[in-house]
Amino acid sequence: MSETVTGGVTQHDGPESFRAQVVRRTWARLGARIGIAWIAVVALCAVFAPFLANSHPLLMRRGGVWSSPLIEHLTWIDVSLLAAFGGLLVAWWLRRFRRTLPLALAGVTLVVLISYFGVNPPAAVIYEQYRTGLASETIETAVFAPVPFSPTDRSRDRPRSLTAPDAVHLMGTDEDGADVLSRMIHACRIALGIGFVATGIALILGIVYGGIMGFFAGWAEILMMRFLEIFESVPQLFLLLMVVAFFGRNIYLMMVVIGLTSWPGYARYLRAEFLKLRRQDFVQAAQACGLPVTSILFRHMLPNGIAPLLVAASFGIASAILAEAVLSFLGLGVVDEPSWGGMLNQAVGPGGTFAPWLASYPGLAIFLTVFAYNLIGEALRDAIDPHLSRERS
Amino acid sequence: MLLRVTDLCTTFGDGPAAVDGVSFEIASGETFCLVGESGSGKSVTGLSLLRLLDGTTAHHPRGAAVFRSPRLDAGTVDLMRIPETEMRRIRGSRIAMIFQEPMTALNPVLTIGEQLMEPLMLHLDMDESRARARALDVLEQVHMPEPERRLDEYPHRLSGGQRQRVMIAMAMACEPDLLIADEPTTALDVTIQAQILELMAELQRRRNTALLFITHDLSVVAQIADRIAVMQQGRIVETGTRDEVLYRPRHPYTRALLDALPSRMKRRRGGHHADVSHGGDALLRLEKLRVYFPVYRGVLQRHVDDVRAVDDVSLDVQRGRVLALVGESGSGKTTLGRAILRLVPSTGGRVRYAGEDLLSLSARQMQRYRRELQIVFQDPQSSLNPRLTVATTLTEPMAVHGIGEDHVERVRLAAGVLERVGLEPRMLDRFPHEFSGGQRQRIGIARALVLNPSFIVCDEVTSALDVSVQARVLGLLDELRVEFNLTYLFITHNIDVVRYFADEVAVMYRGRVVEQGPVDQVCNRPEHEYTRTLLAAVPQFEPAGEPG
C-alpha cells in the first residue's frame, strides 16, 4: 500500500456523537430554551413545594425549644422527590451519567424505601395552631415558608372562602378557603407526574410492541397490527370516566389508564422506523456477523429509530396533562390534593358565581406547560430532521 | 462565446470556497465536460451558474458568468448580477438543467404531459393545445415509446431510463441555448446510458445546443466531449480539448485520475489464472438456487405470482479465487449474494459451502458459518451503524464469536485489523460520520475481516467511490485475498472492474445466469446475446501509454 489514509476526516474538535449533536441543535433554538426553562420552574416547584408553600413554620420556638414542624410533617413523597433531585444533581455534577446512573438509581430507590417505611408525619394536622399560637404568644418566634399556607389549610380560624387576590392571599382563595397560590405550587407535582409516568408507561409498551411488529414481519405483524387498531378505537376519555366511576378517584390509576391508552401511536412510529431500518445494510451486516437478536434489536436498531419517538413523547406528555386537567375539571380528578384542572372546576361555583382568579391562574399554568412541551417537541423534531442536517456537498 | 465564466467563487456560510476562482468558456454547439471527483465542486459550479443554491447559506463573493444569447432581449447578461425575476426567465428557457436522479426529479402527482407543458406555457406563451402538440413532439424526439399515451401517465409508470428521457425532453422543450447536465447517466445501467448519451448527442447536433456535461466518469467523457476541464478542490487544474487532456495530460492530478481507471491498471496476477484446475476444489457451490418473492393480490391477499429474483442459479466458486457476478440493476445479483448468507430466505435449491448445505442448517448450526462467510456492502453511508464507534462495531462480532480473551484484547485485535486496511488505530473511538466514503468502506472491510472469514461477498463495494479511491480499495482487497487466502464473490455492474479484478465471471440477466466462464473468454468472446449487448454498451476508453 503506497498511500496513507490520514486526511479526509472531517475536521472539528473531537467526535460529536449523535446525542450531543441533537442536544446542541435543540438548545440552539429559543423556543426550546423557553420551554425547558418553564418546565424547570415547574419541576423545581414540584420538588420544593413544601418549602415554598406551607402552613408549618420552617423554624419555631415554643417554650424556649426550637423545632421545625415543616420538616416533621414531610411525607415520604416529599422526601423521595428531594432525594431524586439530589441524586440527579450529583450525577450531573460528576458528568458521568452512564457510569453513575445505576448507582444513583439504587441510592434514590433506597431512600424512597426507607422514607416510605420510616417517615411517619403526624396524622392529625391542625394548621391554625401556629397562627393562634403566634397571636396568643405561646409561640415566641416562627419562620415561615414564602407562602405561609398549606394547600389543604382551609383557614378555619378565619373563614375566607372565595376571596379575591389580596396582600395575604396573593392569588386569592378557593371555595374551601385554601390559598390558591399554595395549591398552584403543589399542583405542579400532579402535572409533572401524570405527564412523565403516563408517557413513560406508553413509551415502554409502544417500544416493545412496535419493535416486535417491525422486526418480525409476516403473520405476527398483521395480527398485532389489527389488535393495535382495535385498541386505538377505545376512546381514552370515556374509558377514564368509566374507570373513575368503578374504581374511585385515584391519581395512580389515572396515570396507568392514560398510559395504557396512548401507546399505539408510539408502536406505530417504531414499527415504521424498524421496517425501514431492517433493510439497512448495517442491520444486515449485524445479521451476517451472527449477532444475537437482542443486540440487533436494542443496540443496532432501537437507538437509530427512537428519535421520532422522543418527539412524539414530548407531545404525549402535553396531552396527558390535558387529559388529567379535563378529568379534574369535570370533577372526577383527585380528591383533596390540588390539581390545576380541579381548581378550574371551582372557578364557577354551584350558585353560578364566577371567580376569575380561579380560572386564570391554573388555566395559564396548564396552557404554559402544554405549550412548553410542544415547544421542546418542535425543537427536538427539527434537531433530528435529516433534511436539516444533511452535509453540504 | 455563448458563456464565459471568469473567476467564479461560491462559498457556503463561513466555510472555505467550494468553487474557488473557476474560469471557462463554452461556445455554441460545443460539448464541454467538467470532470472531477466527489467534492471537487463540479456540481456546485453547475448550480451556481443557474443560481439554484440555497440563498441563505451560499454566496458568490466574486466572479462573472457572461451569457450571450441572440434570443435574449438584452443580448448579453451576467448571470451572477441580474435580478432574480430576469434569472427566472432564463432558467428553463435559455439555460436548462438535467439532474442525476431521474427517480426523484419528476413530480409524482403530475402527469408527464402536465410537467412538460408548464414551462412551454410559461416561457413561450403557448396555449394549452399548442403546448400539448409541442410536448408530444419533444417526446417523439427523445424516442419515447408510445408518446401519445405517456403524456397522460404519471411518472411511476416509467423506468429510470424513460424518466431520464422525459427530463431531457423537458429540458429541450424550450430549445435552450445551453443545457447543463449533472451526471445524467450515473444512475442508469450501461445499456441505457449508451442510449441516453446517443440521444443527447443527436439532439445537440440538430439544435446546435451547447452542453455543459458534469461527470466523474472519464470513459463517458472520452465518448462525448469536445473540450474538458478537470476540477480538483474547487479549482480547474487543466482545460483543453479532449485529446489534449485524455491523451497528453499535463497536470499530475489528471494523470493520477487516468491511472486510476480500472482499464488502465495492471491486470491483477497477469495471466496465471489458467493454472488453477477447474471444478476441483469448489469452496462454494450453488445448486439450482431460487429466491422468489411472492406477489399477493386482492382482499384475501391470494398468492398470485412470484417475482423470480434468482431463478435456478448454479455456480461454483473456487477456493482462493474471485468470481465476478455482473448484471444490470434488477437482475438479481444482490439478492443472490444475500441469499448465500441467508440474509434473504431462499425458495429452493442448495448453497453448499465446503460441502455443507447452508440452507438446511438450523439458526444455531448456521452460527458457526457466520464467521466463515462475510459481506461488504455497496453504500458506505448506510452499512455502518451511525450510533456506534468503530471500536464497538468491530469488537461486538468478536465477542459473540468468542474471539479474544477480554475487551482489551479485542480492541487490540481490532486496532490491528484497522491498521491492516489502511486506517489508524486512533480512529477506533470515532463515529462513522467522521470518515470519508473510502474510509468507511475500509471500515466495512475491517468488520468483515475481524472474524477471519474465508469467503466474502463484495456487493458493489466500489460503486459509490471515486475512481482513485476505487483503485486503492480494489488494491487492498487483492492484497487481503493473497494474505488471508480469501475467496470473493464480487458483485458489480462495472465491466472494467471485472476485467481488472476477477478470475471468472458470471453474467446475470433477469434472475438467471446466462453465461459464465473465465474473464478473458466471456469478455472477449461472449457467446450469449445479452452479454454482447452489455459489452457493446460499455464506453470504450483506453488511454494511451503505459500505466505510470
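Two strands count as paired if DSSP finds at least two bridges between them. Keep that in mind as you work through these exercises on a predicted model.

**Exercise 1. In which sense do S14 and S19 of chain B pair, and over how many bridges?**

Step 1: Find strand S14 of chain B, residues 322-326, and look at how it lines up with S19(B). The two pair in the parallel sense over 5 bridges.

Step 2: Check that against the cut-off. Pairing needs at least two bridges, and S14(B) and S19(B) have 5.

Step 3: Pick out one bridge to see it for yourself. B:Val326 has B:Thr492 in S19(B) as its bridge partner.

Step 4: Now turn to another partner of S19(B). S18(B) also pairs with S19(B) over 5 bridges, in the parallel sense. Here B:Asp459 has B:Ile491 as its bridge partner in S19(B).

**Exercise 2. What is the strand order in this open sheet of chain B, and which strands stand at the edges?**

Step 1: Write down the order. The open sheet has 6 strands, running S17-S18-S19-S14-S20-S21, with mixed pairing.

Step 2: Look at the ends. S17 (373-376) and S21 (512-518) of chain B each have a single partner strand, so one side of each is left without a neighbour in the sheet.

Step 3: From one strand to the next, the average is 15°.

Step 4: S17(B) is joined by 4 bridges to strand S18 (residues 455-459) of chain B, and the two run parallel. Within S18(B), B:Cys458 stands opposite B:Val376.

**Exercise 3. How many residues of S19(B) are buried, and which way do they point?**

Step 1: Recall the cut-off: a residue is buried if 20 or more other C-beta atoms lie within 10 Å of its own.

Step 2: Count. In S19(B), 6 of the 6 residues are buried, so the strand is largely enclosed by the rest of the structure.

Step 3: Sort the side chains. In a regular strand they alternate between the two faces of the sheet. For S19(B), B:Thr487, B:Leu489 and B:Ile491 point one way, while B:Tyr488, B:Phe490 and B:Thr492 point the other way.

**Exercise 4. Is B:Asn485 buried or exposed, and where does it lie?**

Step 1: B:Asn485 is in the loop between helix H17 (467-484) and strand S19 (487-492) of chain B.

Step 2: Count its neighbours. The limit for exposed is 12 or fewer, and B:Asn485 has 10 C-beta neighbours inside 10 Å, so it counts as exposed.

Step 3: Check the backbone. Phi of B:Asn485 is near 50°, a positive value in a residue other than glycine.

**Exercise 5. At what angle do H8(A) and H9(A) pack, and which residues make the contact?**

Step 1: Start with the geometry. H8(A) and helix H9 (residues 219-232) of chain A pack at about 140°, with their axes 8 Å apart. The crossing is left-handed.

Step 2: List who touches. H8(A) brings A:Tyr209, A:Ile212 and A:Met213, and H9(A) brings A:Glu221, A:Met224 and A:Met225.

Step 3: Sort them by class. You get 5 nonpolar, no polar and 1 charged residues.

**Exercise 6. Where is A:Pro151 found, and is it buried or exposed?**

Step 1: A:Pro151 is in the loop between strand S3 (139-143) and helix H8 (180-215) of chain A.

Step 2: Count again. A:Pro151 is buried, with 24 other C-beta atoms within 10 Å.

Step 3: Look beyond its neighbours within four places in sequence. The contacts of A:Pro151 then include A:Ala53, A:Ser182 and A:Pro338.

**Exercise 7. How many residues of chain A are in contact with chain B, and which helix gives the most?**

Step 1: Count both sides. There are 27 residues of chain A in contact with 34 residues of chain B.

Step 2: Find the elements. On the chain A side, helix H12 (281-288) and helix H13 (293-305) give two or more residues. H12(A) gives the most, with 6 residues.

Notes. Residues are numbered from 1 along each chain as its sequence is written. Chains are lettered from A and ligands numbered from 1 in the order in which they are written. This is a predicted model: local features need pLDDT of at least 70, side-chain atom pairs count only at pLDDT 80 or more; totals for chains, interfaces and linings use all residues. Two residues are in contact if their C-beta atoms, placed from the backbone, lie within 7 Å. Axes are lines fitted to C-alpha atoms, for helices over the stretch in contact, and angles run from 0 to 180 degrees between N-to-C directions. A crossing is left-handed if the near helix is turned anticlockwise from the far one by less than a right angle, and right-handed if clockwise. Ala, Val, Leu, Ile, Met, Phe, Trp, Tyr, Cys and Pro count as nonpolar, Asp, Glu, Lys and Arg as charged, and the others, Gly among them, as polar.
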